[in-house]
Amino acid sequence: MEIFFGAFTTEWEQRRAALLHELSVGPKRHSSAEDEMKRRLKAMAALGGGGGGAGSGGGSQPKMRRTAAKPIFAAETRAAEASRPMEARLSAVAQGSQPAVVKMASYGAGARVGAMLNYVSRGGELAVENENGERIRSREDLAQLRGDWNHLFQNRVESRDIGSFIVEIATVAVSSDEAMHELVRNSLTSAFGDRRYAYAVTPQADGALTVQGAVVLRSGQGERLTGDDKAASIIQARYDASAAAQGVAARFSFQGYGNGVEYGASKLRSLIERHDGNVRDDRGQVIGGEKVAGDLVQKEWRGDLHSRKGRDVMHLIMSARAGTNVEAFENAARDFLTEQFAGHRYVFAMHDPANDPKAEGDGGKRPHVHAHAIITMRSESGDRIETTPQVFREWRATMAQMARAQGIAMEMTDRREFASPPPFTRNQVRPVSREGRTEHVGTSEAAQGRYDAKRGGRRSLAKAERSREYAIKATQSWEKIALASGDRRVVAYAEQQRDHLTEGLSAGQTEASVNVVHADFGSKIRANLVTLQKVVLEGQEMRETTPAEFEAYEKKVETALFRLERSVGPDERDDFDEVASVAREHVNGRRELMELYEMKGQAQAEQGTATERAESPERRDDANEQWDAAVAKHGEAVVEAANDVLMDIETSREGLYRIEAGELSNDPRVFRADIERGLARAAELAVQGNTYMREVAEKDPELKRAIEAAEQSQERPAEEQGKTPANVDAVTEQQRDPRPEAAERRPDEPAEQAHELASTVDATNRLQDKLNRDKEAAQRGGETTRTDPAQQHIPRLEEFLEREELERRERDRDERDR
């Protein structure tokens with residue numbers, strides 16, 4: 001007699017069986033259960049990992065594997081593939097590699113193996129291949145697989161979660177529909193107890209009522225009905241003993257039962273269809289449509305089901321893009337299954353749109369090539385497959401490795417590297433069209449939102465701290481790829497993905513949350529600086545901001561600074577203080593800007609439309625003639641650009657004139673500041689070649705002086721333009737060039753991080769110098785800081801950061817070339 005250890009589920013059962021076997025054969029057999037298992041595992045490995053047929057119920061003999069497209073990869077190779085650098089993977093994706101897709105379709109009990117095999121083989125029309133490389137084509141051989149695999153199944157019965165019932169209520173007299181439904185619910189609750197249910201009522205000609213519906217078979221106390229005649233007799237006895245039965249006779253029966261949310265939702269939808277939507281739940285609420293029915297089962301009943309299914313086999317899908325070489329992908333799928341599921345029984349089949357016998361409208365002929373595999377959860381040695389996120393990641397890495405060995409450009413990817421939304425599950429949607437790519441609708445409002453986000457490509461980042469740290473690393477990798485690649489398409493793709501991640505990280509950090517990403521400031525200063533920049537520069541049109549909105553904006557900035565401060569180390573404290581000082585100065589400037597524009601708005605409201613009323617038809621005609629003449633001389637685009645600026649200047653001058661005349665009591669500095677900004681814009685247009693602006697300047701001395709000043713500023717030597725004003729607090733040379741000191745402070749930090757930190761501090765110092773020069777220029781003009789509000793610095797800040805980024809990339813490229 002020979003013992004098959006795969007038939008036992010636990011180690012102690014194997015040990016006990018081995019001991020009993022040794023006692024039965026006598027003292028000559030001294031091999032332990034462990035030795036026997038090792039011998040069998042070694043034999044199975046020699047057969048190609050298929051597991052053979054020695055333990056099958058059908059008595060089939062082990063069969064040699066046909067041929068393996070590639071040798072089985074060693075564990076070291078698998079580990080190396082799992083640790084493939086992120087930058088290498090993402091660089092390949094940017095160059096066109098496709099992501100590896102390995103997903104779980106479903107689990108199944110042993111009783112469902114026949115149906116699952118029938119689906120994979122398209123009813124026996126497609127050949128399937130088993131773990132030994134043998135092709136199985138006939139339906140008889142497919143049916144035999146169920147018996148061959150039976151010793152690997154637990155054969156756990158699916159739970160009966162929802163039952164379909166019919167109740168016949170004897171003739172009753174009711175005064176209204178509401179009274180009728182109250183009577184029905186009283187009867188059902190008396191029989192079902194606290195179980196959830198939905199029902200529809202059909203009145204009969206003799207006054208009797210026929211009630212059809214679906215009920216959750218598990219009660220709040222854990223009692224589960226079987227949904228059959230035995231359960232009906234139990235329910236009937238409870239109803240007959242209740243007070244409701246004293247006035248109304250009723251007869252209960254069950255018509256069937258099923259497992260899971262899908263069954264319950266389908267029963268409710270069919271009930272709604274048969275009864276024209278006149279279906280209610282146990283609380284008297286009308287279930288008005290298929291979507292509401294799905295929400296009821298998915299969101300309210302699901303937690304009461306305590307559903308369970310047997311997990312004897314799993315249905316795995318491996319897919320590739322349309323146009324992928326079918327033969328190469330089939331070899332890759334075969335090698336993946338051989339490597340990853342050695343010792344397990346499985347079959348797989350290719351679904352190629354060119355030879356798929358299933359019609360497109362029925363879900364066949366999918367545009368992409370893919371393979372379906374049915375795999376036993378337990379191996380011949382008793383090990384069970386784990387299905388954790390980390391395991392799926394390893395599967396995708398192995399699949400990508402096998403595909404590349406077959407000449408298919410494929411990489412393992414993570415949705416956190418692309419800010420992709422989470423996928424939807426088959427329980428959250430139901431198909432409504434199978435033409436081409438299957439279209440779905442969500443079974444609940446939340447599920448619909450998840451489906452729309454995935455299909456619409458909406459960007460989303462996980463909020464867990466580990467995921468955010470991973471996203472920051474991905475952002476840095478995309479940045480390195482963009483800097484290193486010479487291909488414009490690769491650079492554009494990498495920058496796009498980097499921006500998506502940066503935007504997601506910024507949005508997450510500005511939320512009111514106590515979750516702080518603890519990180520080394522030096523290694524993540526670029527991402528933190530981008531985040532702070534986006535928050536500080538939020539809302540360019542501050543003139544439209546109300547005090548309440550500005551207060552919320554200020555809180556966001558302080559929150560971002562708080563989180564940044566929590567993440568910095570002691571060596572970077574000075575750098576953080578500089579960045580925080582610049583950020584808070586911008587906030588203060590915007591506060592002044594908001595207050596100034598609020599005052600200006602009040603003045604303009606008082607001014608009204610007096611200027612327009614004062615104009616006569618003759619003056620308007622004359623203005624039209626002047627406009628036509630200017631357009632004919634200079635061109636419409638030139639005149640329009642100049643006219644927009646000149647109108648703003650004249651409006652501000654009119655307001656200032658009325659203040660000086662005593663007609664308005666507003667602060668004249670508001671209008672003076674607007675005039676100065678308008679003259680600066682007008683001068684810039686003139687210097688850039690706007691001839692109409694120069695013509696107007698001949699009649700406007702103030703504008704002419706502004707143009708001459710702008711021209712002189714352009715003619716100044718570059719070293720004079722960048723000279724720091726004398727009255728600005730100088731920053732030490734040590735702060736100006738922090739690279740050597742940073743290297744001394746952090747000898748263990750990589751050179752890239754030190755260079756990154758130095759570039760950022762240098763950018764911050766230059767930005768501070770720019771702000772100081774603007775402030776001194778305003779003071780020399782006899783104005784306070786209010787004459788040059790922070791709104792003017794916003795475009796300059798953006799241009800400054802962009803210029804710094806381009807210069808940094810050029811420096812990095814030069815260093816790499818050297």
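Hi everyone, let's start with a pair of charges: Arg-224 forms a salt bridge with Asp-161, and their closest N and O atoms are 3.0 Å apart. Arg-224 sits in the loop between strand 7 and helix 8 (229–240), and Asp-161 in the loop between helix 6 (139–148) and strand 5, so the pair ties together parts that are 63 residues apart in sequence. By salt bridge I mean a side-chain nitrogen of Lys or Arg within 4 Å of a carboxyl oxygen of Asp or Glu. Helices (H or I, at least four residues) and strands (E, at least two) are DSSP runs, numbered from the N terminus.

A word on the source: this is a predicted model, where local features need pLDDT of at least 70, side-chain atom pairs count only at pLDDT 80 or more, and totals for chains, interfaces and linings use all residues. Residues are numbered from 1 along each chain as its sequence is written, and side-chain values use heavy atoms, with hydrogens and water left out.

Back to our pair: is Asp-161 buried or exposed? Asp-161 counts as buried because its relative accessibility is 0%, while Arg-224, at 25%, counts as partly exposed. Buried means under 20% relative accessible area, exposed over 50%, and partly exposed in between (1.4 Å probe, protein chains only).

How many salt bridges are there by this rule? The count comes to 34. One of them joins Arg-122 to Asp-356, with the closest N and O atoms 2.9 Å apart. Elsewhere, Glu-650, Arg-653, Arg-672, Glu-676, Asp-700 and Glu-702 are linked in a network of salt bridges.

Two strands pair if DSSP finds at least two bridges between them. Strand 5 (residues 162–169) is joined to strand 8 by 8 bridges, and Val-167 has Phe-252 as its bridge partner in strand 8.

Finally, the axes of helix 9 (residues 260–274) and helix 10 (residues 290–305) come within 9 Å and cross at roughly 145°. Axes are lines fitted to C-alpha atoms, for helices over the stretch in contact, and angles run from 0 to 180 degrees between N-to-C directions.
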